[in-house]
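Let's take a walk through a protein model together. Keep the sequence and the 3D view open as you read, and look up each part as it comes along.

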Amino acid sequence: MTLKYSEIVGILEDIVRTPLYSLVGVVGEGRLVVYSNEGGFAQLILVDPVTGGRVSLTREPILWVAEPPLGSSRVVWTKDVSRGRELQVLYYSDVSRLKEEPLASMDPLRIFGVADDGVNVAFTGATMEDVAVYIARKGSVEKLSKLPGFGFVTDVEGELITGFGVLSGNPLSMEIFVLNTSTGELKIYTPRQGSVNKNPVIVGRSIVFESNAFNPKRNELLILDVDTWTTRSLAFKYPDYSKYQPVEHVIFKVHEGSWVVVGKREGRTRLFLDGRLVETPEGFINGVAYYNGKVYLSYSNLKTPPKVMEIDVARGSSRIILESKLPERVEKAFGDVRFTYVSSPDGIQVPVYVVESRLAGRPGPTVVYVHGGPWAEVADSWNVTIASLVATGFNVVAPNFRGSTGYGESFRQLDIGDPGGGDLEDVASASRWAWESGLADRLFLMGYSYGGYMTLWGLASKPDLYECGVAGASVADWEEMYELSDAIFRFFIETLFAGNKSLLRERSPISKVDAIKKPVCIIHPQNDTRTPLKPVLRLLGLMMEKGKTFEAHIVPDMGHVVNTIEDAMKILLPAIVFLNRCLHKPYH
């Protein structure tokens, strides 16, 4: 199927304008705060679950949002004031007045991890010099304590702030930190040296977190008593959770005296209330709240864009509050979605999601889509890039290569100290499987962020496997990226490479330009501070000198995070047009 440029534009606009919904929390007398792209940009909307009426809480694109305490009257978020460079300030809206205001007077910072207890707002802030815990209260911001590594605030309650990160100097472990704002004391805690502990939440005088300290195959929920510094397992009233045995957790928190837990296995989730299973549609839950006997949640899957629904627990009834409907031509393009495992050369079993396009046929043109992170995953949840590929005539193979989350910490750790090594072999194995299974007749490689790096690296390291590739917001030179990064991303690179700086050049695409044989489309935001543009420009200069075939699209006034529909089009349109050209009029 050959698509005209106007047809590609129309299909992509259909997809990127499909509303996205993610439940943030419940405020006031039961109204829902929902993160959405309605209006063309990342914003917060306030939804009445009874009438379905909604109003905007924010007027400009936002970056991160803190979950409000149940029934709170305010919602706190961050706003980028640097044209995509992710230098942010804190804003809030009082839901009773619907007025957006600065939360505190502050210098812009890169912010990761924001928590709000209704009085205090705690967050992680990064500068070129350090990563630290900050608190905003009474209209001002105070820097409380530097972190000894790569870490994030996850909760605040009264005098306690908690979070997690790589804090002991061991790149294979993660530790909990607890900061007492009254004494200024910062404590780093782990139940077992070398274990991974993350996503802590405060419940009274306890910290609840997930950990692989006592079970290497999955993360269990543990309770830390901050007065005695002793740990025990979290037990629930009902047995369904224990029978399910999630590998990881998306959400765990206490609402109205009940434990609300979303567990995850193989890219799909299950919801539990005090350990009892609450039936939900198949796919992935990314937001949930329990209020007044009802569960509110947002979910999606690879074929269905996000919905927000209400479940009456006592009655066992449910209804949809918000939903996104795809245009018929997009919906009809989706074929089968399946999950499988593919063997890598060293025996590692690589989890893979496969989405077939009815327009591509079998065998047909197939894109191997590489997710970012690398500590992330392709789950059974709505993915705009995958949907765009399917709707324009490409089958999609999405490997969760070693280093991906969702399959246990041992699997995630396999990438540490070896980026561009075993993970590339996993991607190549999934690519060969696409041939051998009869799915693919031609292969293309595509990714964004770490996925963009893997695209460049794959084209250089496996030059005969793919017809061409699309690298978005990619890493061209790890050494130069390290020098250009602020403290939090220097810590990230040190952790990913396990401190082996001699490997930075060896695993950089800029060092293997000669090996790139196939055409590549490079799309990069101008103001990206995670994967800076400067090394990519140097890569393009070398490719031009050596006569390589490439396209380059620099997106003006945009950072790494895609938070407007316009920016999504600027990334997706050149990518799909390039792939369509490679498919029907191959470069020579």
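Alanine 498 sits in the loop that links helix H9 to helix H10 (502-506). A quick word on names: helices (H or I, at least four residues) and strands (E, at least two) are DSSP runs, numbered from the N terminus. This is a predicted model, in which local features need pLDDT of at least 70 and side-chain atom pairs count only at pLDDT 80 or more, while totals for chains, interfaces and linings use all residues. Residues are numbered from 1 along each chain as its sequence is written, and side-chain values use heavy atoms, with hydrogens and water left out.

Most residues other than glycine have a negative phi, and most peptide bonds are trans. Alanine 498 is partly exposed, because its relative accessibility is 39% (buried means under 20% relative accessible area, exposed over 50%, partly exposed in between, with a 1.4 Å probe and protein chains only).

Aspartate 274 is another residue to check: its phi is also a positive value, near 55 degrees, and aspartate is not glycine. You'll find aspartate 274 in the loop between S22 and strand S23 (276-278). Aspartate 274 counts as buried, since its relative accessibility is 19%.

Now for two peptide bonds. The one from arginine 362 to proline 363 is cis, with omega near 0 degrees, and proline 363 belongs to the loop between strand S29 (349-357) and strand S30 (364-370). The one from glycine 373 to proline 374 is cis too, with omega near 5 degrees. Proline 374 lies in the loop that runs between S30 and helix H4 (384-391).

**A sheet of four strands**

Next, find the open sheet whose four strands come in the order S12-S13-S14-S15, with antiparallel pairing. Two strands pair if DSSP finds at least two bridges between them. Strand S12 (150-157) and S15 are the edge strands, each pairing on one side only. On average, neighbouring strands of this sheet are turned by 25 degrees against each other, direction ignored. For such angles, axes are lines fitted to C-alpha atoms, for helices over the stretch in contact, and angles run from 0 to 180 degrees between N-to-C directions.

Helix H9 (residues 487-496) packs on the sheet, where it touches S12 and strand S13 (160-166), and its direction makes about 120 degrees with that of S12. Contact here means heavy atoms within 4.5 Å.

Zoom in on strand S14 (residues 175-180) and S15, which pair in the antiparallel sense over four bridges. Isoleucine 176 has tyrosine 189 in S15 as its bridge partner, and leucine 179 has leucine 186 in S15. The two strands S14 and S15 form a hairpin with five residues between them, and glycine 184 in the turn has a positive phi of about 80 degrees.

**Two threonines**

Is threonine 190 buried or exposed? Threonine 190 is buried, because its relative accessible area is 15%. Its side chain reaches the backbone oxygen of arginine 192 at 2.8 Å, and makes a polar contact with the side chain of asparagine 197 at 3.1 Å. (A polar contact is a pair of N or O atoms within 3.5 Å; within protein, one must be able to donate a hydrogen and the other to accept it, and residues adjacent in sequence count only if both atoms are side-chain atoms.) Leaving aside neighbours within four places in sequence, threonine 190 is in contact with Glu175, Ser195 and Asn197.

Threonine 269 is in strand S22 (residues 268-273). With 1% relative accessibility, threonine 269 counts as buried. Its side chain reaches the backbone nitrogen of isoleucine 285 at 3.0 Å.

Finally, helix H6 (residues 422-436) packs with helix H7 (residues 450-461) at an angle of about 75 degrees, their axes 11 Å apart. That makes H6 roughly perpendicular to H7 (angles under 35 degrees count as roughly parallel, over 145 as roughly antiparallel, 65 to 115 as roughly perpendicular and the rest as oblique). Asp423, Leu424 and Val427 of H6 meet Tyr450, Met454, Trp457, Gly458 and Ser461 of H7.
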